[in-house]
Amino acid sequence: MKISLFYEFPLPRPWSEDDEHQLFQHGLDEVELADKAGFSTVWLTEHHFLEEYCHSTAPEMFLAAASQRTENIRLGFGVMHLPPPINHPARIAERVATLDHLSNGRVEFGTGEGSSVAELGGFNIDPADKRTQWEESLEVAIRCMVEEPFSGFKGEHVEMPARNVIPKPLQKPHPPVWVACTRPSSVQMAAQKAIGALSFAYTGPEALKERVAGYYKEFEEQGAPVTPAINPNILAIGGDLSMMVARTDEEALKRLGIGGGFFSFGIMHYYLTGMHTPGRTKVWERYEQAVADDPTLAYGPGRGAIGSPETVREFLRGYEASGVDEIILLLNPRSHEGTMESIEIMGKEILPEFIERDEKAVKDKAERLEPVVEKVESRRQGSDAPLFDETYAFGGLPTGRGGKFTAGEIPEAMAEINEGRVKAAQAEKAAREAAG
């Protein structure tokens, strides 16, 4: 089992002037240390308008910065929102490919639909459309990464003419593709499409064992690839997967404070039960009151990788026994110093044994899945992408309604450039004549 880190970048109020700046700087320090410690991947979510709960609105920017301070740790979108009103598929392809080059081929392409009222409503997305928007956008984004040129697409939500989208990813044919799975049916869907499942698992390793088995059963029996490269893997993330490691359980709890339950509370607030006034509602204050009413909302040992190295080691072994391929551990709000020490202890005392066992498990899995992959690949459908029209070309000035020019700034700019050239030539001629 691979062990990775998950960032939401929560920032509870009250905020000081430098808080957001420090949030990202601390994150970069932590990822740099996590790379040295041996963590597999740093996964960074994308959310919009979810103040206090998640300030990770441009994950590609942070991951690009992290790529320059690390060497081995993989850089995962966990996840990028694919609905076109949030991210156009061509822009997705461009940003993912650019990061892949900056990181020397370390990108994991996690995808999702979006679920919250804040985000779907903020971008005027009808929830009834988000699955088809994800499906169309995933197809177009991947095709933009691999086709030279992309030959065009006309769907219900995405329409795009032929263009050569550049750059192409360093990983060929494209980085591994994942999808966020908040329920068992989504895990089943990921297996059917032969892509990785970023599975939210809130009920512990025993229930996860059934989910893992179900994913691989569905992959073998019904998997039919929708991307050029398949990615048969299942990863676990959940509210009980916070991380805080110290020399003793007591010290870890002290450093964690009540922050371990904020992830789950934020989900409840923004996705289910909360009413939110932008810029006014104090989410952390509500969480503090909820913990005062029910202290079990704040996680402790047994509900996360929280405690001494011995405690955390046993906790992780339980998930390893479930058969899950990777687990990602949540980092808690305002816990930079504790997080840095946790990462260091994990690297020295906990990760090595898991890394060693995972290397063997990956080899064994590849051998075990070899005939299964052949079966899955045999179900691959031929592409229905249109053939590129070799006579197609574009050029000239953009025009608007009625054929009228709508980009007059370009001719004006060219006229200025030509005028400048003429004046420069005249000045050069005059200088020569004066010298002669």
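R13 is found in the loop between β1 (2–7) and α1 (19–37), helices (H or I, at least four residues) and strands (E, at least two) being DSSP runs numbered from the N terminus. The model is a predicted one, in which local features need pLDDT of at least 70 and side-chain atom pairs count only at pLDDT 80 or more, while totals for chains, interfaces and linings use all residues. Residues are numbered from 1 along each chain as its sequence is written, and side-chain values use heavy atoms, with hydrogens and water left out.

With a relative accessible area of 18%, R13 is buried; the term means under 20% relative accessible area, with exposed being over 50% and partly exposed in between (1.4 Å probe, protein chains only). Leaving aside neighbours within four places in sequence, R13 is in contact (heavy atoms within 4.5 Å) with E51, E52, G279, T281, K282 and W284. The side chain of R13 makes a polar contact with the side chain of E51 at 2.7 Å, and also reaches the backbone oxygen of T281 at 3.2 Å. A polar contact here is a pair of N or O atoms within 3.5 Å; within protein, one must be able to donate a hydrogen and the other to accept it, and residues adjacent in sequence count only if both atoms are side-chain atoms. R13 and V283 are 270 residues apart in sequence, yet 7.7 Å apart in space, C-alpha to C-alpha.

S116 is buried, with a relative accessible area of 0%. The side chains of S116 and E119 make a polar contact at 2.7 Å. Not counting residues up to four places away in sequence, S116 touches L50, G121, Y270 and Y271. Y270 also belongs to an aromatic cluster with F6, Y53 and F263.

By the rule used for rings, the count comes to 16 aromatic pairs. The centres of the F315 and Y319 rings are 5.4 Å apart with the planes at 50°, so this pair is tilted. Rings of Phe, Tyr and Trp (its six-membered ring) pair if their centres lie within 6.5 Å, with planes under 30 degrees apart counted as stacked, over 60 as edge-to-face and the rest as tilted. F315 and Y319 are separated by about one helical turn because they are four residues apart in helix α11 (residues 309–320). F315 counts as buried at 14% relative accessibility, and Y319 counts as buried at 1%.

Turning to the strands, β10 (residues 242–245) is covered on both faces: S242 and M244 on one side, and M243 and V245 on the other, are all buried. Strand β10 runs parallel to β11 (residues 304–307), and four bridges join them; strands pair if DSSP finds at least two bridges between them. M243 stands opposite A305 in β11.

At the level of the whole chain, there are 13 helices and 12 strands, and buried residues make up 50% of the 436 residues. Among contacts between residues at least 6 apart in sequence, 75% join residues at least 24 apart. The chain is divided into domain 1 (2–378) and domain 2 (395–435), with bounds from an automatic or database domain assignment. The domain centres, taken over C-alpha atoms, are separated by 50 Å.
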